[in-house]
Amino acid sequence: MSEENPVTELGEGTRAVRVGLPEPVKHEPTLPGPVFAAHYHLPGDPTGPYAYGRDQNPTWTLLERAIGELEAPGQEEVETLAFASGMAAISAVLFSQLRSGDVLVLPSDGYNVLPLAGEQLRSYGVEVRSAPTGGDAQLGALDGAKLLWVETPSNPGLDVCDIRRLCEAAHERGCLVAVDNTLATPLGQRPLELGADFAVASGTKQLTGHGDVLLGYVVGRDAGLMAAVRRWRKIVGAIPGPMEAWLAHRSLATLQLRADRQSANALAVAEALKGRPEVTGLRYPGLGDDPSHKIASQQMRRYGCVVSFSLSTRARADRFLDALRLVDDATSFGGVRSTAERRGRWGGDAVPEGFIRFSAGAEDTDDLVADVLRALAVATG
């Protein structure tokens, strides 16, 4: 990138299509193909970046550089580490930073695998506290804490907390802060710019957006903290495959296009459901009257692709999902094809039986809204 046009001055779409690319080489592809290597030629002393496939890979290097430029444009001190999944990334931060006797604060309404990690940490002597995301309720659990884990917007309830406020309060108490940025993506918010020590995400979701890659990442600017995360990745071997890393990097080029369409579709679906007597508990941070809208509008540039709401019974929710024609009944979210599910079928989330997590894809807006309203009529008629 030339000094006249640094990455921080580029528009988000331009940045997304250029991030992480190597300097052009005649007769070489713009984005080199995946490097499949368990080991590398290494005569003499083991120096240089690539020695063994569990430690580093050129395909990861380009992807990690790309994600770092999205999460923290122009901040060269930021380090990014890619993982085999979002939970691998989450676990790497939790288990590398906490020791017996430390205190961890989790969201009580976060991703439903977080409590499993909390149970494991308790068995190692870590005290685990929890509080809801909404209303910055985690502030009340910070005294004596070593690490605050923030998930905003929360999954699946879509509550939002004030990242900057929580980071300032945590740091005043000597507490680190990690923010799960999965639902927002770096195009929705940048936690490091708001004060977080770590930005963590599942790249399985909207970041890559095609439902064909399991991936996670951790971004941080403190070299010592990130060295501990890197060491944990080396120990447990939670590394992405080169093909997954290459697919993820390729997919970043369309991130802005997808995020804009999916956010617009999510808002259109939310507006179509607003005021419907069959629908309760409608949440989308982009709605002007959503409880999270005020704080979301202060720290988010896009409100994401997920809408949540409830129908009166489990049976009605199942009929709604079955009646959809343009929306797949599937877990996860963030793909170019819309998905929805009755979240209660998994257990672990404190939601009503008829609770629907709806992820808007990139279909034509009118078609998607019409399909949702038709299915709602079938389910509740």
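Two strands count as paired if DSSP finds at least two bridges between them. Helices (H or I, at least four residues) and strands (E, at least two) are DSSP runs, numbered from the N terminus. I am working on a predicted model, where local features need pLDDT of at least 70 and side-chain atom pairs count only at pLDDT 80 or more, while totals for chains, interfaces and linings use all residues. Residues are numbered from 1 along each chain as its sequence is written, and side-chain values use heavy atoms, with hydrogens and water left out.

**Entry: strand β4**

I started with β4 (residues 147–151) and looked up its neighbours. With β2 (residues 103–107) it pairs in the parallel sense over two bridges, and L104 has L147 of β4 as its bridge partner. On β5 (residues 176–180), I found five bridges to β4, again parallel; here V150 stands opposite V179.

Next I checked burial (buried is under 20% relative accessible area, exposed over 50%, partly exposed in between, with a 1.4 Å probe and protein chains only). Five of the five residues of β4 are buried. L147, W149 and E151 point one way, and L148 and V150 the other. In a regular strand the side chains alternate between the two faces of the sheet.

I then followed the chain into the loop between β4 and α5 (163–172), where P153 sits. The T152 to P153 peptide bond is cis, with omega about -10°. P156 lies in that loop between β4 and α5 too, and the bond from N155 to P156 is cis with omega near 15°.

**Entry: positive phi**

Most residues other than glycine have a negative phi, and most peptide bonds are trans. I noted H27, with phi near 75°, in the loop between α1 (12–18) and α2 (58–71). H27 is exposed, at a relative accessible area of 74%. T185 has phi near 65° and belongs to the loop between β5 and β6 (198–202), but T185 is buried, at 3%.

**Entry: helices**

For α8 (residues 255–273) and α11 (residues 365–380), I found axes that come within 10 Å and cross at roughly 35°. Axes are lines fitted to C-alpha atoms, for helices over the stretch in contact, and angles run from 0 to 180 degrees between N-to-C directions. Contact means heavy atoms within 4.5 Å; the residues making it include R261 and N265 of α8 and T365 and L368 of α11.

Last, I looked at α3 (residues 86–97): eleven of its twelve residues are buried, among them I90 and F95.
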